[in-house]
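Student: I would like to go through this structure step by step. Can we put it on the screen and start?

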Amino acid sequence: MIDHILDTAEQLEDIARNKEQSDILAGKILAVLFFEPSTRTRMSFETAIMRLGGNVLNLGSVDISSIAKGESLADTIRVVAGYSNAIVLRHPMEGAAKLASEFSSVPILNAGDGAGHHPTQTFLDLYTIRRESHLEGLKIALAGDLKYGRTVHSLCYALSHYGADITLVSPEELRMPQEIINDLKNRGLNVTETDSMESAIKDVDVLYMTRVQKERFPDDAEYQKVANRLKITPELLESARSEMKIMHPLPRTTEIDPGVDATPHACYFQQSFYGVPVRMALLALVMGAME
Amino acid sequence: MSASKKEIRVQPIENGTVIDHITAGQALNVLKILGISGVSSGVVSVLINAPGEAGNKDVVKIEGRELEADEADRISLIAPNATINIIRDFEVQEKKNVEIPRHVEGIVKCINSNCISNSNEPVASKFEVRNLKSGIELRCDYCERVISENIAEHLL
Ligand SMILES: Nc1ncnc2c1ncn2[C@@H]1O[C@H](COP(=O)(O)OP(=O)(O)O)[C@@H](O)[C@H]1O
Ligand SMILES: [Zn+2]
């Protein structure tokens with residue numbers, strides 16, 4: 001199933017790049033229900049439906065809509081399903097997409113449910129790895145906030161379908177929860193932990209960076225110390241393999257030096273672009289325009 | 001000394017259900033799961049910490065009501081060794097163990113305060129039940145959070 005979605009995305013990539021035109025979703029309406037702010041995910045879904053000839057129906061601002069008047073998510077979904085062919089939902093509470101799917105007559109695409117899931121991000125991460133590196137026999141280092149970062153947790157679980165060598169780089173306070181590490185090992189992944197960027201990046205195909213949030217630290221000094229230790233710079237990259245790719249879900253703060261952008265390692269802007277063909281594939285599949 | 005003298009501390013019931021071998025201390029939670037409260041009709045007697053062959057146990061006797069299998073099975077979440085005895089005409093007519101259901105709805109509250117099932121939505125909480133060596137685990141259908149301890153404390 002995952003591979004089929006990735007294959008479909010690859011077929012649609014030229015349309016995403018606007019090298020080819022398509023109207024396979026002409027006459028279809030995608031309702032975009034974001035109960036939380038987002039730019040990338042929302043815009044790439046909107047681009048995806050438009051590139052395939054469909055239209056977008058936006059919820060507008062939550063505080064002036066009926067939700068502000070206390071309407072339940074269940075009711076909102078039932079109403080909006082009547083206006084659209086599929087609904088993209090971002091909601092601050094865990095399980096919101098699952099609930100929505102119980103009340104919707106059209107497909108629901110989960111664009112993030114609180115600390116729960118953000119599956120389209122995981123698909124685009126996998127797609128990026130497949131396009132820019134390789135999924136089979138992957139050696140990947142994940143760096144930054146591995147404790148709270150759901151993106152990296154989901155990606156690791158997804159990689160367990162392919163098998164991978166995973167190196168986790170994080171400060172002591174932001175290590176990946178032991179239950180997750182055990183789970184990953186039980187699924188056949190090789191997992192090692194380190195707090196040294198230098199050693200972690202030497203032998204990997206992909207370095208996946210994440211943001212370390214200031215709020216996680218007692219004071220600014222402590223945060224700065226950690227942030228500096230996890231920072232990736234052109235100098236540090238000298239010890240990396242030439243084909244090593246750096247990914248980041250964006251937005252970045254200080255963890256990737258802008259000097260890295262011009263190196264062949266930088267891959268995060270491609271990654272954010274790949275959100276478009278991946279979401280096009282999901283839309284085309286759930287709306288029945290492709291099989 | 002006859003068994004009946006030792007065992008039956010309350011008056012025999014004519015028709016109804018005796019839930020025996022309830023984990024000691026869980027009788028009131030059993031009533032809660034079954035939705036039995038003071039306003040329910042019919043006599044309900046509760047024995048707490050009654051001595052049994054395998055240590056103390058609780059017993060609940062419900063007059064005039066025969067528990068359905070799916071009602072009885074919910075009890076297994078907090079009293080996996082409970083036995084259900086259907087009494088007709090003062091005699092035990094049927095005896096069965098409770099079976100751990102695969103899925104439960106509307107009995108337990110999710111421990112994740114940010115779970116959509118804890119908000120004002122028109123849905124019952126729903127859990128997948130897993131029977132592990134370490135005990136019973138409930139996994140929320142919505143947020144996937146697992147309750148592995150003190151299930152009784154999270155009854156709705
Ligand atoms: N007519 C009755 N009224 C009330 N309780 C009863 C009656 N008959 C049996 N019981 C109770 O139901 C439970 C099961 O009865 P029984 O099958 O005789 O015992 P056991 O399961 O210990 O072999 C016991 O706790 C017993 O005291
Ligand atoms: Zn939940």
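This is a predicted model: local features need pLDDT of at least 70, side-chain atom pairs count only at pLDDT 80 or more; totals for chains, interfaces and linings use all residues.

Student: Which residues of α2(A) are buried?

Tutor: Buried means under 20% relative accessible area, exposed over 50%, and partly exposed in between (1.4 Å probe, protein chains only). The buried residues are A:Thr41, A:Ser44, A:Phe45, A:Glu46, A:Ala48 and A:Ile49.

Student: What phi does A:Gly53 take?

Tutor: Look just after α2(A). There A:Gly53 has a positive phi of about 85°.

Student: Where is A:Asn18, and is it buried or partly exposed?

Tutor: A:Asn18 lies in the loop between α1 and β1 of chain A. Its phi is positive, near 65°, and it is not a glycine. Its relative accessibility is 40%, so it counts as partly exposed.

Student: Which peptide bond is cis?

Tutor: Go to the loop between β9 and α10 of chain A, where A:Pro251 is found. Omega is near 0° for the bond from A:Leu250 to A:Pro251.

Student: Now chain B. Which strands stand at the edges of the sheet?

Tutor: In chain B, 5 strands form an open antiparallel sheet in the order β2-β3-β1-β4-β5. Each edge strand has a single partner, so one side of each is left without a neighbour in the sheet. Those edge strands are β2(B) and β5(B).

Student: How many bridges join β2(B) and β3(B)?

Tutor: Two strands pair if DSSP finds at least two bridges between them. β2(B) and β3(B) form a hairpin with 2 residues between them. B:Val46 stands opposite B:Val60, and B:Ser45 has B:Lys61 as its bridge partner. The pairing is antiparallel, over 7 bridges.

Student: Why is the arrangement around the zinc ion (ligand 2) called tetrahedral?

Tutor: Donors are N, O and S atoms within 2.8 Å of the metal (3.2 Å for Na, K and Ca), and water is not among the atoms, so sites may look incomplete. Here the protein donors are the SG atoms of B:Cys110, B:Cys115, B:Cys140 and B:Cys143, 2.3 to 2.4 Å from the zinc ion. Four donors count as tetrahedral if all angles lie between 85 and 135 degrees. The 4 donor atoms subtend 99 to 116°, so the arrangement is tetrahedral.

Student: How many residues apart are B:Cys115 and B:Cys143?

Tutor: B:Cys115 sits in the loop between β6 and β7 of chain B, and B:Cys143 in the loop between β8 and β9. B:Cys115 is buried at 0% relative accessibility, and B:Cys143 is buried at 14%. The pair links distant parts of the chain, 28 residues apart.

Technical notes:
Residues are numbered from 1 along each chain as its sequence is written. Chains are lettered from A and ligands numbered from 1 in the order in which they are written. Side-chain values use heavy atoms; hydrogens and water are left out. Helices (H or I, at least four residues) and strands (E, at least two) are DSSP runs, numbered from the N terminus. Four donors count as tetrahedral if all angles lie between 85 and 135 degrees; four count as square planar and six as octahedral if opposite donors are over 155 degrees apart and all others between 65 and 115; anything else is irregular.
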